[in-house]
Amino acid sequence: MIKQWHRTDVDSGFYLLLQDLTSVLMKQKAFQFVYSHGAVVDLINQEVSGSSFWDVPWPDMKKAGYTTDVLLRTMGTMQQSDIPALQAYFKELEQTSLPKFAAQLVTCLEDVRLEALIQQRRPGTKKDFSTRLEAMKHHFHTQLKANKVRSLSLDELFCLIYLQLYAEDPDPNFKEASPNQKLQLEKLRPQLFDVFSCTNTEEIVQVAKRIVYTLENNYTDMLHDYFTFPIKHLGHFTERTLFDELTRTDPLANDDTEKVNQEDHEVFDQPFSTWHRENENSDRKQNFLQFELDVGTKTEILGGGARETEEGDQALANIQGDSQQSEQNDFSETGALQKQESKGSESAGGALYGRENKYAVAKIKEASTPTETEKEAYRKTVETIDPYRRKLANTIEKTLEHKRNAPHKNLLFGRLSKNLLPLVVDNNPRVFYKKAFESKEVDAAFTLLVDCSASMDSKMEETKRGIVLFHEVLEQLRIPHSIVGFWEDTTRGTETHHPNYFHEVHRFQDNPHSNTGATIMQLEAEEDNRDGFSIRLAAEKLLKRREKNKFLLVFSDG
């Protein structure tokens with residue numbers, strides 16, 4: 001089965017190539033390659049993922065990106081990263097004020113070491129890593145400019161750290177960076193250059209810790225995610241590398257044996273019922289049996305079959321039960337989380353929409369009268385989504401409540417009211433009423449918020465089809481809704497003024513019979529995006545609506 005992450009189409013040939021590469025390098029056929037939001041090794045679910053960052057329309061870059069992701073995690077993280085060193089790093093820094101920065105910094109520094117090792121062992125990978133580097137440097141240069149405009153100091157510094165590590169010149173001149181961050185980078189350079197002499201994860205960790213301790217009193221944590229920590233469920237592992245963990249065999253605590261007569265023993269097959277929430281036993285006699293054998297005496301008695309990763313299938317004199325921590329409810333970090341949460345709320349200051357949005361300014365752009373070209377494009381789009389319209393309309397009608405009209409009172413006929421006073425005081429008493437009844441209108445309001453950042457350029461046409469589908473269905477059901485595209489104009493922004501545009505192509509107050517759908521075609525990919533600010537503003541307007549059910553749908557590639 002091909003697994004995917006928010007994808008509508010998958011190149012099966014390329015996927016199988018990545019799957020074969022994963023199986024060969026992991027030396028385990030059970031391991032699957034999956035598309036995800038980051039390049040990660042997951043031993044528990046037996047998966048190696050490639051980052052959706054490489055889901056780009058350029059085949060060479062896409063191939064190089066996903067291939068190097070697999071190489072880094074299988075040949076690199078799997079075999080070369082020191083698990084105890086990373087566990088000690090996070091334990092020591094668990095109370096730091098820069099947790100996102102700390103995790104991404106050690107990932108970035110370790111990848112520098114692993115890339116060099118892989119290219120040394122397999123020179124044929126140099127071309128793919130070169131293509132990867134070119135794409136990553138372009139991305140970090142772009143993010144550097146945006147972070148400077150947004151006054152995201154630590155994000156800006158992290159971009160400088162990455163670009164410094166991969167710079168061809170030891171003293172590059174980052175003209176687009178702010179003076180303060182360039183000065184801070186200058187102070188960090190000696191520590192960054194130590195990375196190239198590191199021979200193991202422990203030395204990388206020491207460099208990362210020194211940098212974190214240097215910065216934690218002068219910065220607030222990063223806002224964006226540039227790297228995903230490469231090991232899932234890090235706390236579960238005990239061996240030095242993931243490869244050791246995957247292939248380990250737990251020995252017995254003792255090494256004594258006992259001679260037995262093979263002819264004088266019996267093997268009993270005892271069935272035990274098991275329980276599953278989707279298939280409970282009717283007699284309610286469920287049994288649970290879980291233990292690990294770690295102490296006992298080896299014998300030559302053979303059981304019903306051999307078990308993999310044990311030193312034979314033997315009857316042991318002693319067993320010790322094993323109690324493992326549940327993965328579903330873990331409150332061990334509650335104290336730290338509460339502490340970080342309170343600290344975050346204090347640092348937000350007086351900014352209405354958060355500290356990061358202190359200088360964000362909303363600017364409304366109204367839809368213009370649709371042209372004939374836009375009307376024709378809309379008509380063709382409606383034709384393509386027509387097969388799905390009825391199904392979506394039925395789903396919404398069945399799922400959401402309809403409005404309830406108020407009861408009609410003071411009528412000449414109907415149900416008799418409890419208030420009979422008008423029979424005495426009025427010449428023409430009206431003491432009847434009719435019960436409230438269900439309206440045909442659905443009691444709901446929708447806001448469709450559309451990401452119009454530059455990265456949506458290749459996805460905007462498909463996005464418009466989805467928006468047209470919702471618009472047509474909501475119009476059919478007479479459900480009030482608004483459609484708003486959002487983006488941030490970073491080219492005109494300053495350090496204290498971040499203009500964010502909201503293109504209202506359909507408003508709540510628009511007449512449902514005015515045929516305004518063609519204005520959806522005016523949505524285009526523009527500049528950058530500030531998701532948090534835009535979602536907060538849209539939600540604020542939506543909450544003022546009187547409808548019982550309110551829905552905010554965000555159309556975005558991230």
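Helices (H or I, at least four residues) and strands (E, at least two) are DSSP runs, numbered from the N terminus.

Nine of the nine residues of β14 (residues 498-506) are buried, so the strand is largely enclosed by the rest of the structure. Buried here means under 20% relative accessible area, exposed over 50%, and partly exposed in between, with a 1.4 Å probe and protein chains only.

Helix α11 (residues 372-399) has a kink of about 60 degrees at Asp386, shortly before the proline Pro387, where the bend is the angle between axes fitted to the seven residues ending at a residue and the seven starting there. The buried residues of α11 include Tyr378, Val382, Ile385 and Ile396, and what covers the buried residues of this helix includes α13 (460-476), contact being heavy atoms within 4.5 Å.

Among the cysteines, Cys108 counts as buried at 1% relative accessibility, and Cys198 counts as buried at 12%. The count of disulfides, each a pair of cysteine sulfur atoms within 2.5 Å, comes to zero.

Residues are numbered from 1 along each chain as its sequence is written, and side-chain values use heavy atoms, with hydrogens and water left out. Because the model is predicted, local features need pLDDT of at least 70 and side-chain atom pairs count only at pLDDT 80 or more, while totals for chains, interfaces and linings use all residues.
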